[in-house]
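Dear colleague,

I am passing on to you the structure shown below. My notes on what was found in it follow.

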Amino acid sequence: ISDQKPLGCWSVKHGQILTCPVVCNFETHEYIAVHDDKVLRIWKDEDINLDKAFKATLSADVYRIHSLPQGGPVVLFRGGGARTLDVLLEAPQQEIENLISAEVIRWSGAFMEGQQPVLIFTTEKDGDFFVYVQKLKLSSLHKYKLEQQESAKPLCFTAHITNQTVTLLCLYSNDSVYQVLIPLHQDTEEEEEEEEEEILSKSLLLNLSVSGAVLKGTSLVVLDKDHVAVLGSLPVPGKKPKECLTIWNTKFQTLQASKELPLGTSGQLWCYEEKFFLIHGKLLTVIMYKCETSSLAAAVGKLKDSQTLDVSSFVNWNTLENEELVVAFQAQEPVALKAESRMNLRSRRSTVAQQSGTFSVGQLLLKLKNASNYVLETELRQLMAKAPTPDLQATIGCVVTALTDRCKKNPKYYPQNFLQEIVETRDLSYSLCPDLMAVALEKKDMHLLQICLERFPDIPEEITYACLKAFLSTSEDHLQSMDVNLDSAICYVDVEFNDMEVKSEILENGFSAEMDQDMCDTKIPKESQSNGGSCPVGLQKAALLNAVLHSAYTETFLLPHLKNLPAQQAILFLRYLYYLYVKCSEKVNTTLPGIRSPTINQIMDWMCLLLDAQFTVMVMLPEAKDLLSNLHKFVRAQVRFYSELNKIEGSLRELQRLNHLRESQTYSIEVLEII
């Protein structure tokens with residue numbers, strides 16, 4: 001999520017429905033999904049088509065799959081039966097017992113107690129709630145009835161296991177959190193014969209009261225033994241309730257931190273490896289947190305070295321205004337949130353709190369808002385020099401944002417050298433400074449765009465396409481006056497490509513046009529053979545296009561943009577890709593000389609992508625006919641060449657084996673007949 005790049009995308013067929021959350025098997029690095037309640041699917045990253053993935057139809061409806069890091073996946077069925085995935089796959093159609101009759105499962109969780117997986121789930125029937133604790137390896141199951149609460153019922157549950165005791169936390173509709181302690185039994189025959197379930201008593205853990213108002217909680221997660229997080233809403237007189245994320249100290253009954261979420265949430269909160277995950281509006285927001293040992297001083301906000309949490313929203317975040325740069329989340333204990341800056345597309349920058357007695361980054365940027373250009377740049381250079389190492393990237397992201405904001409407000413201001421210096425010398429990403437490339441495109445700063453394309457790992461496909469279009473549309477004369485890094489192209493592109501002498505005939509990986517004569521109707525024209533020394537674009541444009549070829553992309557998201565590329569620009573780009581393809585084929589190792597030159601895989605991928613996006617246009621344009629024909633013949637010739645190599649592969653391996661067997665001191669003459 002830090003690079004905003006989808007690593008994989010899979011979908012079920014039309015009419016099929018995923019009926020429980022997909023999980024990852026930590027041991028095998030496989031994904032496990034269930035669609036239409038009973039159909040189990042298992043696949044890996046490299047699998048493309050979900051329909052061709054492993055499939056098993058089960059005998060009962062699945063409620064949830066839980067994946068344990070050391071215990072493997074556990075499958076819980078709607079009837080209360082459970083199996084480890086390994087046991088289930090041995091006989092997918094095995095009968096699954098129904099343990100809960102007319103009860104409905106409301107929540108489930110899986111945990112490791114020593115080397116043993118423990119499954120806990122709660123059910124409801126006619127207003128009564130029940131708790132089941134199941135040890136899968138021992139095939140033991142214990143049922144408990146939850147003590148009823150007058151005029152209130154459980155909304156959500158969460159649990160953790162400590163010292164052979166299950167601690168079940170229940171968020172009730174009366175805006176309180178209750179705690180239920182369940183000892184893990186050492187199973188005996190007597191207990192198995194008991195038919196009556198034990199009634200569990202609960203104790204009040206927390207009242208969700210914030211400054212006289214009551215938090216209406218919707219989701220609850222445990223952070224550690226002394227802290228919980230609650231997602232909910234606070235009533236506002238005469239207005240719509242405010243949704244917020246809160247962190248509570250259960251030991252001292254205090255609110256440690258809260259954060260308003262003005263775009264609204266789905267009501268769900270997830271917690272994994274010291275990170276919250278929640279849906280804010282239409283966006284996924286990730287909030288990092290850290291809990292330290294609870295103390296009374298921390299609970300009442302008296303710690304001197306109050307730390308902050310890092311809030312990172314890795315996508316759109318346009319909710320915070322400039323005033324919130326200063327402090328968006330103030331720490332009372334080692335559980336709080338770091339100040340957020342206003343964020344745009346795919347951004348994840350956060351401001352940095354400096355030592356007490358000095359300005360924070362947010363405060364400094366507000367102070368410099370109306371400063372002169374010289375003062376702004378001087379102060380920002382000093383800020384980068386002083387920034388502490390852990391927060392250096394976030395600070396530099398704020399510096400670049402301050403500069404781009406000034407550029408947008410003052411069209412005459414553009415610190416080209418300063419921006420290039422920052423991007424070249426600092427380890428930045430697009431998400432840290434999302435406005436930078438948009439400003440560079442507006443200013444037609446080709447050199448800065450080239451640097452960003454080469455260095456940023458997370459550029460959106462829309463921006464990559466905008467750069468490609470800008471490079472192709474800029475005239476050669478205009479580009480020659482620009483300062484562009486030519487290292488990726490200067491070793492194989494001739495500068496004076498208009499006054500070229502035709503070089504000797506090129507052998508494409510040992511294969512010439514005459515060798516292809518019996519396969520093609522006509523010889524490959526001289527034009528295609530001289531493409532190895534006649535680049536269709538100038539040196540500067542070639543270097544810029546190489547930067548585009550190096551940028552990371554996801555085909556699904558780039559293809560729609562490439563379809564909008566003007567026809568003449570698409571033909572020019574394809575001619576350049578074809579030129580690179582021929583150049584690579586001249587070399588035995590299919591590698592172009594130079595620094596950061598395109599690889600054969602990058603060239604082929606972009607060529608296929610461009611043909612997919614523009615094929616209809618290419619076929620209909622007369623000027624593209626010869627290019628497509630030459631490309632087709634060249635590829636066909638290479639296919640034949642490699643097929644010929646495959647035919648003698650066995651003989652070459654035998655020759656290699658004989659070389660190993662031959663004694664170095666023995667002289668001999670051998671004749672090997674290749675059939």
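Strand β10 is covered on both faces: Asp128, Phe130, Tyr132 and Gln134 are buried on one side, and Phe129, Val131, Val133 and Lys135 are buried on the other. Please note that the model is a predicted one. Because eight of the eight residues of β10 (residues 128-135) are buried, this strand is largely enclosed by the rest of the structure.

Two strands pair with β10. Strand β9 (residues 116-125) runs antiparallel to β10 and is joined to it by eight bridges; here Phe121 stands opposite Tyr132. These two strands form a hairpin with two residues between them, and Asp126 in the turn has a positive phi of about 55°. Strand β11 (residues 140-146) also pairs with β10 in the antiparallel sense, over six bridges, and Lys145 in β11 is the bridge partner of Phe130. In this second hairpin, four residues lie between the strands, and Ser139 takes a positive phi near 55°.

Most residues other than glycine have a negative phi. Asp37, however, has a positive phi of about 70°. Asp37 is found in the loop between β2 (30-35) and β3 (39-43), and its relative accessibility of 25% makes it partly exposed. Glu274 likewise has a positive phi, near 60°. Glu274 is placed in the loop between β23 (265-271) and β24 (275-280) and, at 41% relative accessibility, counts as partly exposed.

Finally, Phe615, Val619 and Met620 form a nonpolar patch on the surface, with about 350 Å² of accessible area together. Met620 belongs to helix α16 (residues 600-620) and is exposed, with a relative accessible area of 66%.

With kind regards

Note on methods. Residues are numbered from 1 along each chain as its sequence is written. This is a predicted model: local features need pLDDT of at least 70, side-chain atom pairs count only at pLDDT 80 or more; totals for chains, interfaces and linings use all residues. Side-chain values use heavy atoms; hydrogens and water are left out. Buried means under 20% relative accessible area, exposed over 50%, partly exposed in between (1.4 Å probe, protein chains only). Patches are made of residues with over 30% relative accessible area and no salt bridge: like charges are joined within 9 Å, nonpolar side chains (Val, Leu, Ile, Met, Phe, Trp, Tyr) within 5 Å. Accessible areas come from the Shrake-Rupley method with a 1.4 Å probe; for residues, only the protein chains shown count as cover. A salt bridge is a side-chain nitrogen of Lys or Arg within 4 Å of a carboxyl oxygen of Asp or Glu. Two strands pair if DSSP finds at least two bridges between them.
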